[in-house]
Amino acid sequence: MIKDYVRLSFFNLKRRRLRSYLTMIGIIIGIAAVISLVGLGEGLRNFVTAQFNIVDADVITVMASGTGNGPPGTGVVNPLTQKQLDRINSVNGVDVAFGRLIQLGDYLFNDKRGFTYIASIPAGEERKIVYDIVDLKTDEGRLLKDGDTLRIMVGSSFKDNDESGKRVEVGSKLEIEGHDFTVVGVLEKKGSFAVDTTIIMNEEIMREIFSEVGDDEYDVIVAKVKDGADMKAVKQDIEKVLRKERDVEVGEEDFSVETPENAVKTLTSTLSAINIFVYIIALISVVVGGIGIMNTMYTSVVERIGDIGTMKAIGARNSDIFVLFFLESGLLGMVGGIAGIILGSGLAYGLAAIAGANLGLDISASVSPMLVILSLLFSFIIGTLAGLLPALQAAKMNPVDALSESR
Amino acid sequence: MIQKIKQISRKKKDSKHKTASDTAQKSGKKGDEIIIELKDVWKIYDMGEVKVNALRGLNVKVYKGEFLSIMGPSGSGKSTAMNMIGCLDVPTKGDVFLSGKNISYLTESDLATIRGEKIGFIFQKFNLINALTAKENIMLPLLFQDMPVDERKKRAEDVLQMVGLGDRMDHRPNELSGGQQQRVAIARALATDPEVILADEPTGNLDQKSGASVMDFLRQLHKDKGTTIVMVTHDKNVAGKADRVEVLIDGAIVDNKKKREVL
């Protein structure tokens, strides 16, 4: 039975097509705003999460940083040292820790100069651990091994470096910091900006070409935590050890100790704040849209007083009339919601594609089914709420008065 | 068209369709059973400073199977009387009985149910829902009675055939002539198989020819199926088509002497 009422309501909306569309604009904008912005935010979060997911969850990263005291730029970074690495290695819960060099450097390929991160790989047993942690695999060629001097692996983004029709491949020659290197492997795409654009070489040769880096210095210390160990406790122990070793007080640390979880959390909370803002804007828009629906429904009731009278005369109860108008209003909301979802999804995926193409990043929007369902439900509820009073007015109309309009 | 009614009613008598058998029973005896009775009905409209007495002690009896017309000039209280007979309104004073049941104190929803089941309305301006096709218009009152959709369709098609619009089922009201629209309205009134057909100036919006055709149809319906019809009109000629005419002036039925003067 309800199907017939829905059909009748739908029919009435279709008959006043232009007005129905105009009425729905508020809802459409509101829902489109939510879908596009939340979809983009979610996509961004997935992207950033992917950046962190390239390392295993049981890895702690230690980096030196400025003290934070004094004007920015004046703080000289106190580098991490071999001694500090040894101390971290002896922290309870740390399986193995090793240092890596990560330097910004320039390279020359096909007479074109580029600028990117260059990272080192330690030798021996630790090499395997790094390969394992970062899950490095080659798409072409092979991984670096001990004894490879003047040889490098490059991230997957080097494959795209073909503006002049020439791309980096196994056997290509790159001049880095004045030395000629040969590419032995191109890495699999990781979806991580940091890895995909990096040049990796053995530590030994890297120390040689970046002579300004001290012999016992590291840019990053990576600590793999033992299975079952408490990440938080290990992180705190490492901080304690480093404070002592680097002679700094609590709160004045000139280094950072990050767990992957930690970093993602920070980002997520930022995105949540943005989402709340988006939801508030969208809510306002949808509520304004709801008021528009209410206005239209009142007009519709007045226009159809004659029909209401006729329907009451031929046996429509108050509840029948109520359902008819109530559904019509709900449908206005829901159809607006559907249009908003389509528009919003289009915007989200479109903008993500444009941004991704311009930045050269692998970003894509993510509109979850849950978000779609909730948006639909919400727009239907707003529609029905807006229709409540007009529908009641129509239902309560005196049949004699209503009929007199059309007699 | 009349030929068609005869055919269909004959066909219906043969079938075990509910409508047909019910109607056949209804046409049984005539003249003694009262379907609608208005007893000393007053309707007073409170217009603030003045009170308008639309009905002043109206007494009307509608007998089962009769064709009654209530005639009166404009302002005589015709419409108000029609509202009372049609259970669209309740009196300020007095009682309205439908099939022996006093409906003067019923709620609007109960009245709606009674209207839907017992009364079929025909209006001057047809009052079809423009958004719906002829068939859908006829299905509408059945929808309000919660009848399953297949049955509704079947009924609507049957009555449309009966009024000779079998080929216009999917037309919208604005695609039909006035006479056709009124026939759709008649079909809608018949669809619920009501106790009484209540016609309010059924020819008022029609040209001479269509009006005459609609009146012929109503007469034939009354004659063949014994349908009880109450018609309200200001037109002497139209009123004269009924078996019995009552004259309404100033909110009350006039006596026979006065009636002879008017007619």
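What covers the buried residues of helix 4 of chain B? Keep that in mind as you go through these notes on what is a predicted model.

1. Start with chain B as a whole. Its secondary structure comes to 10 helices and 10 strands. Of its 263 residues, 48% count as buried. Look at contacts between residues at least 6 apart in sequence: 72% of these join residues at least 24 apart.

2. Now zoom in on helix 4 of chain B, residues 108-118. Its buried residues are B:Leu111, B:Ala112, B:Arg115, B:Gly116 and B:Lys118. Back to the opening question: the cover includes strand 4 (93-98), strand 6 (119-122), helix 5 (134-144) and strand 7 (196-200) of chain B, together with helix 9 of chain A.

3. That brings us to where the chains meet. Here 21 residues of chain A are in contact with 24 residues of chain B. On chain A's side, helix 1 (2-15), helix 9 (305-313), helix 10 (318-359) and helix 12 (399-404) each supply at least two residues. Helix 9 of chain A gives the largest share, five residues. By type, chain A's side divides into nine nonpolar, seven charged and five polar residues.

4. Finally, have a look at some strands in chain A. Strand 4 (residues 102-109) and strand 5 (residues 112-121) pair in the antiparallel sense over eight bridges, with A:Tyr107 opposite A:Gly114. The two strands form a hairpin with two residues between them, and A:Asn110 in the turn has a positive phi of about 55°.

5. Strand 4 of chain A also pairs with strand 8 (residues 173-176) of chain A, in the antiparallel sense over two bridges. There, A:Leu108 has A:Glu175 as its bridge partner.

Technical notes:
Residues are numbered from 1 along each chain as its sequence is written. Chains are lettered from A and ligands numbered from 1 in the order in which they are written. This is a predicted model: local features need pLDDT of at least 70, side-chain atom pairs count only at pLDDT 80 or more; totals for chains, interfaces and linings use all residues. Two residues are in contact if their C-beta atoms, placed from the backbone, lie within 7 Å. Helices (H or I, at least four residues) and strands (E, at least two) are DSSP runs, numbered from the N terminus. Ala, Val, Leu, Ile, Met, Phe, Trp, Tyr, Cys and Pro count as nonpolar, Asp, Glu, Lys and Arg as charged, and the others, Gly among them, as polar. A residue is buried if 20 or more other C-beta atoms lie within 10 Å of its own, exposed if 12 or fewer, and partly exposed in between; C-beta atoms are placed from the backbone. Two strands pair if DSSP finds at least two bridges between them.
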